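Work through the exercises below with the model open. Try each task before reading its solution.

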Amino acid sequence: MNSIEILPSQYHTELKLDRSDIFSADSWLSKSAIFELYQSSLYKWRFHPRQFKPTVNMAWGSLVDTIITAPEDLATEFAISPFDSYRSKDAREWKAEQEANFKTIITTDLLEEAHKAVKVLTKTHKYAARMIAKSKKQVMLLNKTQHPSIDKDIQLKGLVDLAPEGEPFLMDLKTTADFSTGGFQKTVAKFGYHCQAALYLQLWNSLHPHDQRHRFQIVWQQSASPYEVAVTEMPESDIADGADMMNHLIGKLVRAADKDYWPMRFQKPMLLGRASFGVYADEEEMEPITEAP
């Protein structure tokens with residue numbers, strides 16, 4: 001398989017995950033689906049997957065990302081509302097139609113603000129602008145692989161925001177409300193972006209033997225005006241940790257799928273020692289016990 005440039009709508013709608021048979025030729029595992037298992041039992045992952053509900057911040061990030069990386073997809077992904085409210089029958093019907101077509105509803109004002117944010121990324125911040133200008137955008141990575149524990153193929157997918165030509169790294173665009181170094185670090189840990197970096201680099205290098213990359217940068221943009229930008233590079237040790245985590249989670253998934261065994265997190269009775277009550281007491285800030293005279 002080779003990497004190709006593709007519209008995000010095709011990537012998400014045509015390359016789906018079949019949780020009932022992850023070994024199927026029509027099933028694709030992504031970083032987000034794999035990392036979901038990090039805070040979930042196998043039972044929950046298989047039978048009660050997390051329902052994706054886009055937030056306002058997600059919609060904003062997706063809008064900015066689309067304008068930069070796939071502007072031709074803007075009209076199919078977003079709909080500008082002609083209504084000030086949705087109290088009327090016509091407004092409610094229009095809104096329902098857009099949602100049925102999986103479009104994100106935005107306002108003219110929001111689109112204008114998004115273009116301001118894009119200008120900061122593509123003009124004002126010189127480093128980010130230079131990298132965006134020289135990058136292939138929305139590069140889809142598809143490949144088959146086998147986990148060492150199971151002699152069966154699984155298919156992995158990734159969609160790289162930016163692949164700068166002539167550089168040893170890949171890049172991803174992120175918007176954030178917490179525009180600080182501490183905020184960047186917390187967001188990386190919370191959403192497993194080190195795992196994303198590891199998976200994307202693995203897929204890229206398997207598909208591009210003459211263009212190997214070993215570094216990963218994130219272009220952060222503040223989600224509120226003045227839409228400042230920062231670029232951070234992920235330490236190689238964090239990428240290595242992400243690769244270990246991906247290998248561990250994929251191993252759990254393929255072994256469960258191979259045996260069709262999807263247990264809950266707590267399968268057997270547990271003995272809770274008195275230490276557990278001590279922890280509870282500490283958490284509740286109970287008064288210390290006074291010794292008898």
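A crossing is left-handed if the near helix is turned anticlockwise from the far one by less than a right angle, and right-handed if clockwise. Helices (H or I, at least four residues) and strands (E, at least two) are DSSP runs, numbered from the N terminus. This is a predicted model, in which local features need pLDDT of at least 70 and side-chain atom pairs pLDDT 80 or more, while totals for chains, interfaces and linings use all residues. Residues are numbered from 1 along each chain, and side-chain values use heavy atoms, without hydrogens and water.

**Exercise 1.** Describe how helix 4 crosses helix 7.

*Solution.* Find helix 4 at residues 56-69 and helix 7 at residues 108-124. Their axes (lines fitted to C-alpha atoms over the stretch in contact, with angles from 0 to 180 degrees between N-to-C directions) come within 9 Å and cross at roughly 60°. The crossing of the two helices is right-handed. Contact means heavy atoms within 4.5 Å. Helix 4 contributes Trp-60, Leu-63, Val-64, Ile-67 and Ile-68, and the helix 7 side includes Leu-110, Glu-113 and His-115. By class, the contact of helix 4 with helix 7 has 11 nonpolar, 2 polar and 1 charged residues. Nonpolar covers Ala, Val, Leu, Ile, Met, Phe, Trp, Tyr, Cys and Pro; charged covers Asp, Glu, Lys and Arg; the others, Gly among them, are polar.

**Exercise 2.** At what angle do helix 7 and helix 8 pack?

*Solution.* Helix 8 spans residues 126-133. The angle to helix 7 is about 85°, and the axes are 5 Å apart. So helix 7 and helix 8 are roughly perpendicular. Leu-121, Thr-122, Lys-123 and Thr-124 of helix 7 meet Lys-126, Ala-128, Ala-129 and Ile-132 of helix 8. This contact of helix 7 with helix 8 divides into 4 nonpolar, 2 polar and 2 charged residues.

**Exercise 3.** Check the span of helix 11 and find its partners.

*Solution.* Helix 11 has 24 residues, 236-259. The expected span is 1.5 Å times one less than the number of residues, so helix 11 should span 34 Å. Its end C-alpha atoms are 35 Å apart, which agrees. Buried residues (under 20% relative accessible area, 1.4 Å probe, protein chains only; exposed is over 50%, partly exposed in between) include Ile-239, Gly-242 and Met-246. The buried residues of helix 11 pack against helix 2, helix 3, strand 5, helix 10 and strand 7.

**Exercise 4.** Is His-194 buried or exposed?

*Solution.* His-194 lies in helix 10. His-194 counts as buried because its relative accessibility is 18%. Residues it touches include Ile-239 and Gly-242.

Key
Parallel < 35°, antiparallel > 145°, perpendicular 65-115°, else oblique. Lists of a residue's contacts leave out its neighbours within four places in sequence.
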